[in-house]
Amino acid sequence: QVQLVESGGGLVQPGGSLRLSCAASGTIFSINTMAWYRQAPGNQRELVAVIASGGSTNYADSVKGRFTISRDNAKNTVYLQMNSLKPEDTAVYYCNAHVIVYARGGMDYWGKGTLVTVSS
């Protein structure tokens with residue numbers, strides 16, 4: 001019913017930048033919060049950044065000052081600009097959206113994940 005399509009992951013050198021995108025499509029009335037999570041091997045999935053429908057944001061301490069989350073409500077798309085990347089940023093990054101759908105109300109949806117590898 002609702003699909004999240006991610007793009008932008010890949011291999012980057014330490015100190016480099018990547019921009020992740022995630023577009024939601026389907027029977028969407030509106031989207032409340034959108035967020036990025038990440039999970040490295042052996043670790044739990046953690047919240048990286050979240051943005052509310054009005055644009056307010058929160059970040060994990062580990063990425064503050066380096067990552068920026070933004071959204072385009074007209075496109076139902078969330079972005080994550082990642083700068084000054086470090087090897088410890090290596091993880092599978094997952095898009096999340098709390099979507100208000102027709103008939104069923106608010107529901108949480110996840111993308112399939114995109115791998116970000118930071119290595120020389």
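Contact here means heavy atoms within 4.5 Å. The model is predicted.

Threonine 114 sits in strand β11, which spans residues 114-118. With neighbours within four places in sequence set aside, threonine 114 is in contact with Glu6, Gly9, Leu20, Ala91, Val92 and Tyr93. Is threonine 114 buried or exposed? Its relative accessibility is 14%, so threonine 114 counts as buried. The cut-off for buried is under 20%.

Alanine 97 belongs to strand β9, residues 91-101. Alanine 97 is buried, at a relative accessible area of 0%. Residues up to four places away in sequence are again left out of its contacts. Alanine 97 then touches Leu4, Ile31, Thr33, Met34, Met107, Asp108 and Tyr109. Asparagine 76 is 21 residues from alanine 97 along the chain, and their C-alpha atoms are separated by 9.5 Å.

**The disulfide**

How many disulfides does the structure hold? The structure holds one. This disulfide joins cysteine 22 to cysteine 95, with an S to S distance of 2.1 Å. Cysteine 22 lies in strand β3 (residues 18-26) and cysteine 95 in strand β9, so the bond ties together parts that are 73 residues apart in sequence. The S-S torsion is about -85 degrees, so the disulfide is left-handed. Cysteine 22 is buried, with a relative accessible area of 0%. Cysteine 95 is buried too, with a value of 0%.

**Aromatic rings**

The count of aromatic pairs comes to two. One of them is formed by phenylalanine 29 and tyrosine 102. The pair is edge-to-face, at 5.8 Å centre to centre and 75 degrees between the planes. The pair links distant parts of the chain, 73 residues apart. Phenylalanine 29 is in strand β4 (residues 28-39), while tyrosine 102 is in the loop between β9 and β10 (105-110). Phenylalanine 29 is exposed, with a relative accessible area of 59%. Tyrosine 102 has 49% relative accessibility, so it counts as partly exposed. The cut-off for exposed is over 50%.

**A charge over rings**

Which residue lies over the face of tyrosine 94? That residue is arginine 45. Arginine 45 also lies over the face of tryptophan 110. The table gives the distances.

| Charged residue | Ring | Distance from ring centre |
|---|---|---|
| Arginine 45 | Tyrosine 94 | 3.7 Å |
| Arginine 45 | Tryptophan 110 | 5.0 Å |

Key:
Residues are numbered from 1 along each chain as its sequence is written. This is a predicted model: local features need pLDDT of at least 70, side-chain atom pairs count only at pLDDT 80 or more; totals for chains, interfaces and linings use all residues. Side-chain values use heavy atoms; hydrogens and water are left out. Helices (H or I, at least four residues) and strands (E, at least two) are DSSP runs, numbered from the N terminus. Buried means under 20% relative accessible area, exposed over 50%, partly exposed in between (1.4 Å probe, protein chains only). Rings of Phe, Tyr and Trp (its six-membered ring) pair if their centres lie within 6.5 Å; planes under 30 degrees apart count as stacked, over 60 as edge-to-face and the rest as tilted. A charge sits over a ring if NZ of Lys or CZ of Arg is within 6 Å of the ring centre and within 35 degrees of the ring normal. A disulfide is a pair of cysteine sulfur atoms within 2.5 Å.
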